[in-house]
Amino acid sequence: FWIGSAISDANFMYLLFVALFCIIPFGLVYYIISKNFIKIATTKAGSVKIKYVERGFKMRTAKNALLRKELRRFGSSAMYMLNTSLGLLFGVVGAVFLAVKADEALKLVNKLCVDESYLGILAAVALCGLSTMNIISAPSISLEGKNLWIPQSLPVHAREVLFAKAKLQLVISIPAMLITQIIFALALRLSAANIVVLFALPIVFAIFSSLLGVYINLLFPKFDWVSETVAVKQGISILLTMLVLTIAVALPVFVYVKIVQSHMDVLTYTLLLTALYGLASLVLYRYLEEDGAKRFERLH
C-alpha cells in the first residue's frame, strides 16, 4: 500500500517508510554478519563420535525396495505431488461433502429426474473422470533425469523398475479411492449391483491409467530438464496421458448415450466397459513386461 501510494499519490512520507523498512533491517543484518562471519567461518566444530551398536539387518525384496524408492521420490517433491494427484484430493473432498449433505444430494438427484438405480454408475463414472487427473506414473521415467543410469544398472530386470513406477500410482490412489467409494455407497444407499460397479469400474480404470502413464512416458521421455517442474508440468507424456484418459472416459459415455442406449441396459454396458479397461490393462502390462523393458534399457 505504501509503495502504491508513494507512486500514484507522489507521497514522499510513504516512500520514506518503505525505504526505512528496507534499509534498517539490511543494516542490522550487515552489522551482525560483519561482526561474526569470520569467527563462524574459521571455527572448527568438534566431530561427534558415535559408538557403533550392532542391530539386526532387515532385508527387502527388490520389488519392495524399488517401490520404496519411488515413494520417497514422490514424497520429497511438493511439485510432483501437487500436479499429479489432484483427482485424489477432489474425490475425498467430494465424498466428505456428500456424507455431510447426503439428503440434499438425493433431493437434487430427484429434481434432476435421475433414476436412483443409476446413482452408483454415475458415481463410478465421476470417479473415473477424477482419475484422469491422477497421472503420477506419467512423468516417473522422465524424473530419473541424469540419474537414469542408476535404475538401468541395478541388478534387477528392467520390467521391475517399470512396474514399480506403475505401482506407485496404485499405492497412492487406491486407498483414497476406496475411502471415497465407501462414503459414496453409504451416503447414496446404493443397491448391490451399483456397489459392484462403483468399486469395480474406477479401480480397473486406475490400473489402466497407471500402466498407460508408464507406457506413454516410455515413448516420450524428457531427460534434459533443469528443474523437475519441467518434467512434471511440461513433458509431452503428461499432456498425452491426460488426453488419452479423458477420451477413454468421455467416448464410452458418448457412445452409450448416442448409439447403444436403446439396445443395452446401462449396467451391462458398464460391466463390459470395465472388462474393456481390464483387457487394455493386460495389453499394456504385457508390453511393459517384454518390449517396454527392452526399450527402457536402451534409453539414454
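**Inside the core and along a helix pair**

The largest nonpolar core in this predicted model holds 51 residues, and Ile141, Leu198, Phe205 and Phe296 have the most contacts inside it. A nonpolar core here is a set of buried Ala, Val, Leu, Ile, Met, Phe, Trp, Tyr and Cys residues joined through side-chain atoms within 4.5 Å, where buried means under 20% relative accessible area with a 1.4 Å probe, protein chains only. At least two core residues come from each of α5 (86-100), α7 (119-131), α9 (158-188), α10 (192-219), α12 (236-260) and α13 (266-298). Helices are DSSP runs (H or I, at least four residues), numbered from the N terminus. The largest share, 11 residues, is supplied by α10.

Let's stop at Ile141. Neighbours within four places in sequence aside, Ile141 is in contact with Leu162, Lys165, Val214, Asn217, Leu218, Phe223, Phe296 and Leu299; contact means heavy atoms within 4.5 Å. Another core, of 10 residues, lies apart from the largest one and includes Phe74, Tyr80, Leu88 and Leu168.

Now for α7 and α9. Their axes (lines fitted to C-alpha atoms over the stretch in contact, with angles from 0 to 180 degrees between N-to-C directions) come within 11 Å and cross at roughly 155 degrees. That makes α7 roughly antiparallel to α9, a label for angles over 145 degrees. From α7, Leu119, Ala123, Leu127 and Ser131 meet Met177, Thr180, Gln181, Phe184 and Leu188 of α9.

Residues are numbered from 1 along each chain as its sequence is written. Local features need pLDDT of at least 70, side-chain atom pairs count only at pLDDT 80 or more, totals for chains, interfaces and linings use all residues, and side-chain values use heavy atoms, leaving out hydrogens and water.

Notes
Buried means under 20% relative accessible area, exposed over 50%, partly exposed in between (1.4 Å probe, protein chains only). Angles under 35 degrees count as roughly parallel, over 145 as roughly antiparallel, 65 to 115 as roughly perpendicular and the rest as oblique.
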